[in-house]
There are 2 protein chains.
Amino acid sequence: MMKQKSKPNILVVNDDGITAPGIKNLIDVMKELGNVVVVAPDGPQSGMGHAITIGKPLRFDRVDLYEGVEMYKCSGTPVDCVKLAVNKIFKGKKPDLCVSGINHGLNNSINVIYSGTMSAAVEGAIEGIPSIGFSLDDFSEGADFSHCKKFIKSISEEVLKHGLPQATLLNVNFPKGAELKGIKICRQANAKWAEEFDERKDPYQRPYYWLTGVFQNNDKGEDTDVWALENGFVSVVPVQFDLTAHHAIPILNSWTFDVKKD
Amino acid sequence: MMKQKSKPNILVVNDDGITAPGIKNLIDVMKELGNVVVVAPDGPQSGMGHAITIGKPLRFDRVDLYEGVEMYKCSGTPVDCVKLAVNKIFKGKKPDLCVSGINHGLNNSINVIYSGTMSAAVEGAIEGIPSIGFSLDDFSEGADFSHCKKFIKSISEEVLKHGLPQATLLNVNFPKGAELKGIKICRQANAKWAEEFDERKDPYQRPYYWLTGVFQNNDKGEDTDVWALENGFVSVVPVQFDLTAHHAIPILNSWTFDVKKD
């Protein structure tokens, strides 16, 4: 199917850390498609969003976890991993594809904004690399990714063949186990987390807080990623990093700003 | 100008930390507009993007830095601060306005995505609070914020009066010093950071890396925030957290995904 004369170069990254089962499964699929380079955090970096490391230095070392795969671990965030890969490994010669994941846990709907997995893919897209984030609705260390693999291969092949529309990337989420009905192209559902903080006392009687929360879907649309996943489909949402709310510009232009003279 | 019978409740947050001069200047303006509650990181959290703290507990304590102002410091990220404020201080009764900053350094263009200041404002908007991030083109501890204040007051008054279009917030940036020509409603410029990593050796001869970079504007438009700031205007960009690239949906629907049968 692919018309490249030589095999594509593929950057693999994640946020669960270089030893997570999810990235091993993603590497296995990507080895069938091209030359794989892995740059991943040296420990879990979930919920890091688009954080970068600017106040302290980064460590970045070659490791050999899986035979025949060029791998590096990094002390920084998922976004740092992409920046280091582009600058230090590929040295300006961009990879043909950047894939992130497979995340242990969904990154559908508003989760896209908190997710280190998706932010790594966003950074790939900012760098001009066709980029895809993959996530599975299963947090467990023993998660079964086998039903995802043929879809990951097919979606990646399509992206390698067509490229992606300028300044976009893909957010791909998988339901847990079972029979999948196919792929649905979706929009991000309008949902949010209702936070709770679990307050506890440390041994010195000082309070501390754990962030917990409940996912609230406020969107009844059948064209959303939440709907697709609840109905047994693989959800594919095209994502952009131009955050401008273009529709709001005329509204703001109608306001009269009363700026007092000095 | 404002028609509220009682004074509005205003949440002030930032990413430079609770002792930064920028937040002091923002508090001073907000005291003229309403009842102020400050929840800010206990140290610098620049470049934290939309990170949240999920792998460790949070500390959260009352402090009394400025007379007559209810203030709390938090060990977490800027987004954690907003979540804690909504859940633990306002206890579900939402503030009327959430303002973040004044950041020491611009958050125009692609910086919106890396910025803790802007992510705190995004989180405010996700919580359904009219939210604004303010940033000044001056990283120094001795930055002069005085020319920003009348604009911050005016923009905040307009937001309190009109509200904001659903699921949007404002990204406001100020040029350094000098005469400002007025307010321009803009779109996010298409720009990026070209990274460099400064490689050094530690005392044990192991390499480490500092992230540095050069801002590259690839956008010649005169309707962008970069243009406005370069030409002496205050830039106001409406921002959204629906990241769906809606224009890409029909393109992806035209693809044929060749998913192999098991």
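I started in the loop between E5 and helix H3 (111-114) of chain A, where Ser109(A) sits; helices (H or I, at least four residues) and strands (E, at least two) are DSSP runs, numbered from the N terminus. This is a predicted model, where local features need pLDDT of at least 70, side-chain atom pairs count only at pLDDT 80 or more, and totals for chains, interfaces and linings use all residues. Residues are numbered from 1 along each chain as its sequence is written, chains are lettered from A and ligands numbered from 1 in the order in which they are written, and side-chain values use heavy atoms, with hydrogens and water left out.

Ser109(A) has a phi near 50°, positive in a residue other than glycine. Most residues other than glycine have a negative phi, and most peptide bonds are trans. Buried or exposed, I asked of Ser109(A)? Ser109(A) is buried, with a relative accessible area of 1%. For the terms: buried is under 20% relative accessible area, exposed over 50%, partly exposed in between (1.4 Å probe, protein chains only).

Next I looked up Gln205(B), another non-glycine with a positive phi, about 70°. Gln205(B) is in the loop between strand E9 (191-201) and strand E10 (207-217) of chain B, and is exposed at 55% relative accessible area.

I also noted a cis peptide bond from Gly101(A) to Ile102(A), with omega near -15°. Ile102(A) lies in strand E5 (residues 97-104) of chain A. In chain B, the bond joining Gly101(B) and Ile102(B) is cis too, with omega about -15°.

**Thr117(B)**

I found Thr117(B) in helix H3 (residues 116-126) of chain B, buried at 0% relative accessible area. Leaving aside neighbours within four places in sequence, Thr117(B) has contacts (heavy atoms within 4.5 Å) that include Asp15(B), Gly101(B) and Phe134(B).

**Strand E7(A)**

I checked strand E7 (residues 168-174) of chain A: 7 of its 7 residues are buried, so E7(A) is largely enclosed by the rest of the structure. Thr168(A), Leu170(A), Val172(A) and Phe174(A) cover one side, with Leu169(A), Asn171(A) and Asn173(A) on the other. In a regular strand the side chains alternate between the two faces of the sheet.

Which way does E7(A) run relative to strand E6 (residues 131-136) of chain A? The two run parallel, joined by 5 bridges (strands pair if DSSP finds at least two bridges between them). Gly133(A) stands opposite Asn171(A). With strand E11 (residues 234-240) of chain A, E7(A) pairs in the antiparallel sense over 6 bridges, and Thr168(A) stands opposite Gln240(A) there.
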